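Open the model in your viewer and keep the selection tool ready. The tour goes element by element.

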Amino acid sequence: MTLQEKLESNRFVVCGEIAPPQSCDAGVIRERSGYFKGHVDAVNVTDNQRAIVRLSSIASAKILLDSGVEPIMQMTCRDRNRLAIQSDLLGAAALGIRNVLCLTGDHQTFGDQPETRGVFDLDSIQLIATVAAMNRGYLLSGSVMKNPPQFFIGGAANPFGEPFEMRLIRLHKKVVAGVHFIQ
């Protein structure tokens with residue numbers, strides 16, 4: 001069963017997380033996949049976690065998929081404009097990646113290259129809406145796609161974050177935008 005099928009059947013789901021290496025060593029992802037295989041339902045693959053350059057979440061998710069582990073590819077808004085986001089999503093779908101966790105991303109000043117300029121063309125709510133529109137066959141330009149992706153769309157929520165009321169408002173907006181699951 002896929003992550004989507006498990007969640008839709010109200011099964012208890014356990015997910016792990018992998019931070020890709022700061023290199024192009026695919027063997028690191030293959031090795032780490034073994035830690036999770038048979039123990040979790042899916043594995044999140046971070047996208048330049050803590051604003052530090054790492055192997056791409058798309059490539060890492062594909063390596064996990066090929067290793068028999070279902071990936072949840074994280075996609076952040078920090079490093080990409082809407083063109084790059086849509087292009088990367090189409091590329092991920094072409095590679096067979098179906099789960100995407102839509103995040104705004106850690107601010108670049110938290111990373112090891114604080115002078116980096118953040119993009120933030122979209123925020124996480126707008127990213128969720130973008131992926132949902134793509135699932136319906138539309139790019140943000142309004143162009144229609146012949147073969148749209150079928151992503152299982154995730155969002156993040158922190159039930160302990162302050163101000164609590166704002167967290168609830170943002171969670172509601174994510175649901176309205178088209179999120180399928182929350183982590």
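Which residue in strand 2 does E17 stand opposite? Select E17, and you will find N44 across from it. This is a predicted model, where local features need pLDDT of at least 70, side-chain atom pairs count only at pLDDT 80 or more, and totals for chains, interfaces and linings use all residues. Residues are numbered from 1 along each chain as its sequence is written, and side-chain values use heavy atoms, leaving out hydrogens and water.

Now show strand 1, residues 15–18. Helices (H or I, at least four residues) and strands (E, at least two) are DSSP runs, numbered from the N terminus. G16 and I18 point to one face and are buried (under 20% relative accessible area, 1.4 Å probe, protein chains only).

From strand 1 the chain passes through helix 2 (residues 26–36) to reach strand 2.

Next, select helix 2 with helix 3, residues 57–66. Their axes come within 9 Å and cross at roughly 50° (lines fitted to C-alpha atoms over the stretch in contact, angles from 0 to 180 degrees between N-to-C directions). Zoom in on A26, I29, R30 and S33 of helix 2, which meet S60, I63 and L64 of helix 3; contact means heavy atoms within 4.5 Å.

Stay on helix 3. Its buried residues are S57, I58, S60, A61, I63 and L64. Finish at G68, which follows helix 3 and has a positive phi, near 85°.

Terms used: Buried < 20%, exposed > 50% of the residue type's maximum accessible area, 1.4 Å probe, protein only. Pairing = 2+ DSSP bridges. Right-handed = clockwise from strand over helix to strand, strands pointing away.
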